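Welcome, and thanks for taking a look at this one with me. Below are some notes to read alongside the picture.

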Amino acid sequence: MTAGFGVYVHWPFCARICPYCDFNIYRDRGVDAERWTRALTRELAYWAERTQGRRLTSVYFGGGTPSLAPLPVIEAVIDECERLWGFAPDPEITIEANPTNAETSRFRAFHTAGVNRLSLGVQSFDDAALRFLGRDHDAATAQSAIETALAVFARVTADFIYARPEQTARMWGEELSRAISTGLTHLSLYQLTIEPGTAFDRAVSKKRWAPADEDVAADLFDATQELTAAAGLPAYEISNHAAPGEESRHNFLYWRQDDYVGVGPGAHGRVTTDGVRIATETELKPADYLGMVESKGCGAAFQGALSEKEVLAERLIMGLRTLEGARLNPSEWEALEERIAPLVAQGLIRRCDERLVAGKEGRRILDTLLATLVP
Ligand SMILES: C[S@@+](CC[C@H](N)C(=O)[O-])C[C@H]1O[C@@H](n2cnc3c(N)ncnc32)[C@H](O)[C@@H]1O
C-alpha cells in the first residue's frame, strides 16, 4: 500500500457557534477573499518547496464551515495544490458543509471547482435535538441537503452526534435507520463529548442537564456497530462507517501516520523529511495567522521534530482507532512486549502480522487500553 499524502485546509469561520463545539472557530463577520487566497496559497507554496516530488492523494477543507468560504478561495486552493504538487490518480477532495439552503445552493460550484466528496454536518434528524445542539437547520432541510449532495457528488458522508441526554436506543435506532435509508455510503457517528470551555460544559457544570451516562453510551455504541454492519456500512474506525471502498482516504492519512500539510488558522500538519517526523501547528487567531503568513510565508506557531517515543505514541493512538490497527516495526514490538502481553491475554488486542489490532471489546474501552499501552 503506497503512502498517501494530503493537504488539510482549516477554514475557521461559522455563521453561528454551536454550544458543543471546541474546534478552532470564529463567527463569520465577512472575510477579505483576496487576502485569504493569497495567504493560503502562499503557505501551500512554502510547504510545496519542502515536500518536492510528492503527489497529492487528498485535499480536505475542514472547519469551521468551509462551505461558507468565498468560492474563489476554494477554487484557488485546489488549483494551487494541483499546480504545486500535482494530484495522484483519483484524488479525494472533500469539503465540510452545513446543510443549510445557503450552502446547498453552492454544491454544484464546489463540484465544478474540483471537490468530489462532501461531508455534511447533519448531526441529527430530530428537530428538538437540533435545537438543543444549536443548529441552524431542521431535519427536513438536512434530508433535502443530503438528496441534493447525492445528486451532485459521487461520494457523500454525513456527521451525526448521538448519546445525547435522555436519548434511548429506540430513538437512536430510528434516527440511524433513517440516515442509512438515505443511501449514504459513509457515516461519521460521534458520541456527544462535553468539551471544556464550551457552552455545554458550562450548562453541565451548572447541572442544567446531565450528559448520557457511560453504560447508556456503551449500549448505544454497540447498537450503532450492529445496525451499521447489518446495513453494509460496517465500522472501519471508532466513529466512521462505510461501504467497502468508501472509507475516507484523507482521514486514513492521520490513522496510518502518513504525511499531511496543514494550512489555515489552527491547522495541524505532519511532514516527514529525511526520516524525521515534523509536527506543525499554525496560529489560531485568523488575524495572527494572516499576519504570520504575510511576514514569513508560513503560519506555523509551532514546528518541531517528534521524538521516536512521540511517533510511536501517535501511531498507537491513531492506528488502534481503526479496524486495521497500528503497524509496528520489530524494535517497537520488542519495546512494547510487556505492555502488550496482558492486554492480549484479556482479549482486548491481538497481533495480525506486523499490525496490532484492538478487538471489539478493546475498541469499546480504547482510552483505558491506550493508557496501559502507550509508553
Ligand atoms: C469540524 S466539525 C464540522 C463542522 C461543520 N461546520 C458542522 O458543524 O457541520 C466536525 C464534526 O465533529 C462533530 N463534533 C464536533 N464537536 C463535537 C462534540 N463535542 N461531540 C461530538 N461530536 C462533535 C460534529 O459531528 C461535526 O460535524
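1. A word on domains to begin: their bounds come from an automatic or database domain assignment. Here that assignment gives domain 1 (5-253) and domain 2 (326-375). Taken over C-alpha atoms, the centres of domain 1 and domain 2 are separated by 30 Å.

2. Before going further, please keep in mind that this is a predicted model, in which local features need pLDDT of at least 70 and side-chain atom pairs count only at pLDDT 80 or more, while totals for chains, interfaces and linings use all residues. Residues are numbered from 1 along each chain as its sequence is written, and side-chain values use heavy atoms, with hydrogens and water left out.

3. Let's look at a sheet. Helices (H or I, at least four residues) and strands (E, at least two) are DSSP runs, numbered from the N terminus, and two strands pair if DSSP finds at least two bridges between them. An open, antiparallel sheet has three strands in the order S14-S16-S15. Its edge strands, each pairing on one side only, are S14 (326-327) and S15 (349-352). Two bridges link S14 to S16 (residues 355-358), and Ala326 has Leu356 of S16 as its bridge partner.

4. What lies across these strands? Helix H13 (residues 330-345) does, running at about 135° to S15. Axes are lines fitted to C-alpha atoms, for helices over the stretch in contact, and angles run from 0 to 180 degrees between N-to-C directions.

5. H13 also packs with helix H15 (residues 366-373), at an angle of about 145° and with the axes 9 Å apart. From H13, Leu336, Arg339, Ile340 and Leu343 make the contact (heavy atoms within 4.5 Å), and from H15 come Leu369, Thr372 and Leu373.

6. Two rings have a charge over them, meaning that NZ of Lys or CZ of Arg is within 6 Å of the ring centre and within 35 degrees of the ring normal. The charged end of Arg351 sits over the ring of Trp333, 3.9 Å from its centre. Arg54 lies over the face of Phe5, at 5.1 Å from the ring centre.

7. Val271 stands opposite Ile278 of S12. These two strands form a hairpin with two residues between them, and Asp274 in the turn has a positive phi of about 50°.

8. Finally, some backbone details. Most residues other than glycine have a negative phi, and most peptide bonds are trans. Gln123, which is not a glycine, has a positive phi of about 75°; this residue is found in strand S6 (residues 117-123). Gly63 and Gly64 are joined by a cis peptide bond, with omega about 10°. Gly64 belongs to the loop between strand S4 (56-63) and helix H2 (71-84).
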